Amino acid sequence: MSIGRVIQEDTEQRKKAEKAAIKHGDSINTGTNKTVYRGLRGMVKPVARKDFPEENREELGETDFIAPGTVNERDFTDIGLWEETMVIHQDEADEKVGEAVEKYGTDFVVEETVENLLDEFTERGIVYEDPGDNIGFYNGEAKAFDVYDSSAFEFKDGGIDSMSDKDFYKFQQEAPVMYQKFAEEVASYSKEDAQKVVDKVSQASNYLIEGEASRINFQQAFNYQR
């Protein structure tokens with residue numbers, strides 16, 4: 001069988017699997033998941049092309065920050081969707097944050113996520129709106145998922161160094177909340193004192209001043225010089 005034929009058959013099988021998940025799969029509509037379906041190979045989310053956040057793919061699609069997956073365009077009018085349906089197919093996490101805390105421990109979860117995900121977003125001038133709900137662990141590595149939710153990220157034009165003063169001020173208010181939401185999520189699963197978890201988050205970050213963050217205020221701890 002030719003390579004082209006193999007690719008074509010694989011594409012058709014994936015299309016059938018995606019369609020089956022949307023038609024018959026376990027629908028998830030709670031929390032930050034908006035009409036996501038559990039399929040055989042992960043989570044399937046259909047979006048009309050007009051509603052698909054192209055910026056998210058441009059900014060993050062080729063990075064190591066997001067969960068493994070694909071975005072395909074399908075004609076799914078036969079199941080009541082759109083002629084231009086964007087089908088987002090992301091691998092399901094091996095562990096969610098709570099499961100990762102139990103498996104790997106608080107220290108590992110904090111260091112892995114802050115150093116290799118949240119600090120990297122900060123470095124790029126990106127704010128991740130739902131870090132607690134939308135972070136999973138894949139082979140022990142923290143990744144962001146549900147990243148094609150149009151409200152998942154706040155992007156600033158050109159990154160930190162070229163932000164306007166107005167945008168930079170806004171970024172300074174928003175970025176600490178990203179760390180705070182994550183700290184609260186970890187603390188809710190950890191057996192350690194919540195303030196100790198907050199301290200671990202500030203210690204792990206290059207952009208938080210150790211000892212300055214509290215459960216109700218990360219603003220005074222955030223420090224990014226440009």
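How many aromatic pairs does a search of the whole structure find? The search finds 12 aromatic pairs, where rings of Phe, Tyr and Trp (its six-membered ring) pair if their centres lie within 6.5 Å. The model is predicted, so local features need pLDDT of at least 70 and side-chain atom pairs count only at pLDDT 80 or more, while totals for chains, interfaces and linings use all residues. Residues are numbered from 1 along each chain as its sequence is written, and side-chain values use heavy atoms, with hydrogens and water left out.

A pair of aromatic rings is described by the distance of the centres and the angle of the planes. Planes under 30 degrees apart count as stacked, over 60 as edge-to-face and the rest as tilted. The rings of Y104 and F137 have centres 6.0 Å apart and planes at 35°, so this pair is tilted. Y104 belongs to helix α3 (residues 97-104) and F137 to strand β8 (residues 135-138), so the pair ties together parts that are 33 residues apart in sequence. Helices (H or I, at least four residues) and strands (E, at least two) are DSSP runs, numbered from the N terminus. Y104 is partly exposed at 28% relative accessibility, whereas F137 is buried at 0%; buried means under 20% relative accessible area, exposed over 50%, and partly exposed in between (1.4 Å probe, protein chains only).

F168 and F171 form a stacked pair, with 6.5 Å from centre to centre and 25° between the planes. Both residues lie in helix α5, three residues apart, or about one turn of the helix. F168 is buried at 9% relative accessibility, and F171 is buried with a relative accessible area of 0%. One aromatic cluster is formed by F65, F121, Y128, F153 and F155.

F65 is also among the residues touched by L117, as are I135 and A144; contact means heavy atoms within 4.5 Å. L117 lies in helix α4 (residues 106-123) and is buried, with a relative accessible area of 0%. L117 and A144 are 27 residues apart in sequence, yet their C-alpha atoms are 8.0 Å apart in space.

Helix α4 also takes part in the packing of helix α6: the buried residues of α6 pack against α4 and α5 (165-189). In α6 (residues 194-204) the buried residues are A194, V197, V198, V201, S202 and A204. Seen down the axis of α6, these residues fall within an arc of 165°, so they line one face of the helix; the arc is that of the directions from the helix axis to the C-beta atoms.

Key: Lists of a residue's contacts leave out its neighbours within four places in sequence.
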